Amino acid sequence: MGKTLLHKVWDLHTVRPLPTGQSQLFVGLHLVHEVTSPQAFDALRARGWRVAFPDRTFATVDHIVPTRERQRPFLDVLAEDMIATLERNCRDFGVSLWNVGDRRQGIVHVIGPELGLTQPGLTIACGDSHTSTHGAFGAIAFGIGTSQVRDVLATQCLAMEPLRVRRIRVTGRLARGVYAKDVILAIIRRLGVRGGVGYAYEYAGDTIARMSMDERMTICNMSIEGGARVGYVNPDETTFAYLQGRPHAPAGEAFARAKAWWASLASDSDASYDDDVEVRAEELTPVVTWGTNPGQSVGVEETIPERSDRDALEYMGLSAGARVKGQRIDVAFIGSCTNSRLSDLREAATIVRGQRVAPHVKALVVPGSAAVQSAAEREGLDEIFRAAGFEWRDAGCSMCLGMNPDKLEGRQVCASSSNRNFKGRQGSPTGRTLLMSPAMVAAAALAGEVIDVREVVG
Amino acid sequence: MSGSLRITAIEGPALPLRGDDIDTDRIIPARYLRTVSFDGLERHVFEDDRKAAPHPFDDVRFAGARVLLVHGNFGCGSSREHAPQALYRWGIRAILGESFSDIFFGNAALIGLPCLTAARADIDALMSFVEQHPRSAVRVDLAELTCESDAFVCRIEMPSAQRDAFTSGTWDTTGLLLERFDEVRDVATRLPYLTGFGAAPRA
């Protein structure tokens with residue numbers, strides 16, 4: 001009987017079984033940001049401990065940083081305090097920090113892959129639930145809390161419960177106007193927001209195999225929205241081609257050796273799975289959420305099902321039997337660790353080029369990293385967005401969560417390329433989020449309401 | 001390990017919080033994560049929900065609760081440990097629910113806040129009982145895996161490894177992970193990506 005990638009990587013990184021029945025798992029890469037790390041560094045300081053593997057620990061700032069007016073000190077004193085704390089912690093403990101102004105700064109889940117730090121076969125931990133993003137490379141990557149950040153800093157290890165593996169095979173061709181974001185939203189709708197609890201999701205099938213790394217990252221990113229702490233794709237030539245030449249990827253002969261090792265980690269053809277699910281790509285349409293969790297969604301042409309969660313509908317001001325299509329929006333947000341990479345911005349720019357944002361809509365594009373930003377600017381994407389009436393910002397988490405100046409106000413409705421439509425998520429306790437692909441957000445920004453992007457790109 | 005860290009039973013007033021898929025953004029809104037410590041988080045637990053409608057955390061009948069009763073997939077979403085920290089600092093010492101998100105469950109365990117599960121019907125029955133008898137103490141027993149109150153008893157569950165960690169006082173894992181650091185180094189030396197991929201490929 002063969003093994004899955006999860007089991008191969010898990011076994012390689014197991015230090016020992018713990019008396020608690022958990023595994024002591026070595027963490028190959030630890031990514032740190034300003035929000036979930038200060039108390040962990042304080043715990044080390046209090047006990048007189050060092051960071052065990054500082055050269056496997058990398059920090060950046062993304063959650064609280066403003067996406068404009070970034071001169072120091074920040075106008076926001078709490079944000080300034082947090083960034084200053086991270087600077088001091090990284091200095092005191094010998095951890096590399098990619099700070100505001102550095103061309104390597106960005107959302108932690110965008111820069112890890114971009115710099116070639118994220119590689120197949122690693123265990124990756126970060127104090128952020130969207131760490132599952134890195135699984136797109138065939139890494140086992142998961143979000144952790146601050147006490148676990150402390151554990152990884154001090155020991156480079158975690159005590160982990162074993163995971164079951166559900167294979168989700170996506171087969172067939174996606175229609176024009178249907179994107180990776182729609183695939184993962186459709187998966188979460190079908191399996192539910194808690195269907196993945198206790199599982200790692202292995203995304204497989206020819207649709208996934210044809211996807212770029214950016215698309216695979218979008219899919220793995222939202223695994224946690226389906227309850228799965230880990231999501232991954234087996235590494236292949238697309239993965240290797242992406243990594244070649246990246247600053248932290250192996251070079252020269254080491255790259256050839258690495259490729260052979262990486263390829264050997266893919267799940268064996270006779271591996272057994274705890275569950276198997278099949279998704280037909282042809283059946284998928286653009287998806288938009290109507291509720292207050294990412295599983296509460298419909299195809300853009302569908303009506304909201306009868307007997308839907310009344311509390312969610314009331315919060316959103318929507319009704320069962322109605323369509324989300326035609327819903328007027330106030331804000332359009334293209335960004336977040338789900339959809340802020342160069343290919344996302346290109347796709348949105350194709351729709352926006354030569355058009356104008358509806359007069360009542362505030363629209364912003366927030367590149368996922370300084371590198372995405374400069375690459376987009378070299379292609380002139382910033383000019384396309386600006387000419388259409390979008391704001392073009394600096395890299396950060398921005399309006400995905402209410403932790404920096406980019407927030408909804410009152411009951412505003414936001415067409416958002418982010419990952420969570422929870423109550424209050426985008427910074428206003430009564431703000432409303434409609435999750436969709438970046439192309440759908442771009443189309444909604446122009447129309448001033450939710451439309452079917454297939455009518456634009458078809 | 002230290003006997004003082006042993007958690008075998010939690011007893012006290014309970015607080016029923018109905019609803020599935022309560023995410024950590026609701027437990028503690030993101031604006032309160034703009035801090036370098038966990039101090040004072042209890043003041044903002046469920047703040048937006050509490051402003052929007054009457055809420056069990058403001059119900060005087062449940063003041064001083066130690067056991068929180070919840071439904072399914074409690075603590076989903078963001079990995080913020082601030083969520084269990086806020087609940088713990090508010091006074092909650094055990095959570096009994098239909099199910100929990102993996103990350104929340106682990107975060108809670110590491111601060112000594114056990115999350116236990118029970119059948120939906122039992123949770124519903126206990127919630128109703130507590131709403132009618134808010135002053136009755138509820139006892140969550142990790143050793144016996146039972147939950148009891150006056151005229152109410154049900155089976156509860158927790159993965160055995162986790163339960164052992166609480167009952168033996170080993171839930172604070174850092175010490176355990178540090179115990180044999182030489183073995184950690186051994187693993188590091190056999191990982192190809194830490195050794196320049198110099199060794200023969202292996203899986």
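Let's start where the two chains meet: 66 residues of chain A are in contact with 53 residues of chain B, where contact means that the C-beta atoms, placed from the backbone, lie within 7 Å. Keep in mind that this is a predicted model, in which local features need pLDDT of at least 70, side-chain atom pairs count only at pLDDT 80 or more, and totals for chains, interfaces and linings use all residues. Residues are numbered from 1 along each chain as its sequence is written, while chains are lettered from A and ligands numbered from 1 in the order in which they are written.

On chain A, the side touching chain B has 27 nonpolar, 26 polar and 13 charged residues. Here Ala, Val, Leu, Ile, Met, Phe, Trp, Tyr, Cys and Pro count as nonpolar, Asp, Glu, Lys and Arg as charged, and the others, Gly among them, as polar.

Now, a hairpin. β1(A) and β2(A) form it, with five residues between them; strands are DSSP runs of E, at least two residues, and helices runs of H or I, at least four. The two strands pair in the antiparallel sense over three bridges, pairing being at least two DSSP bridges. P17(A) has S23(A) as its bridge partner, and G21(A) in the turn has a positive phi of about 90°.

Finally, which residues have the most contacts inside the largest nonpolar core? They are A332(A), V352(A), A415(A), V441(A), A442(A), A444(A) and A445(A), in a core of 165 residues. A core joins buried Ala, Val, Leu, Ile, Met, Phe, Trp, Tyr and Cys residues through C-beta atoms within 7 Å, and buried means 20 or more other C-beta atoms within 10 Å. Helix α15 of chain A gives the most to this core, nine residues.

Key: Buried ≥ 20, exposed ≤ 12 C-beta atoms within 10 Å, placed from the backbone.
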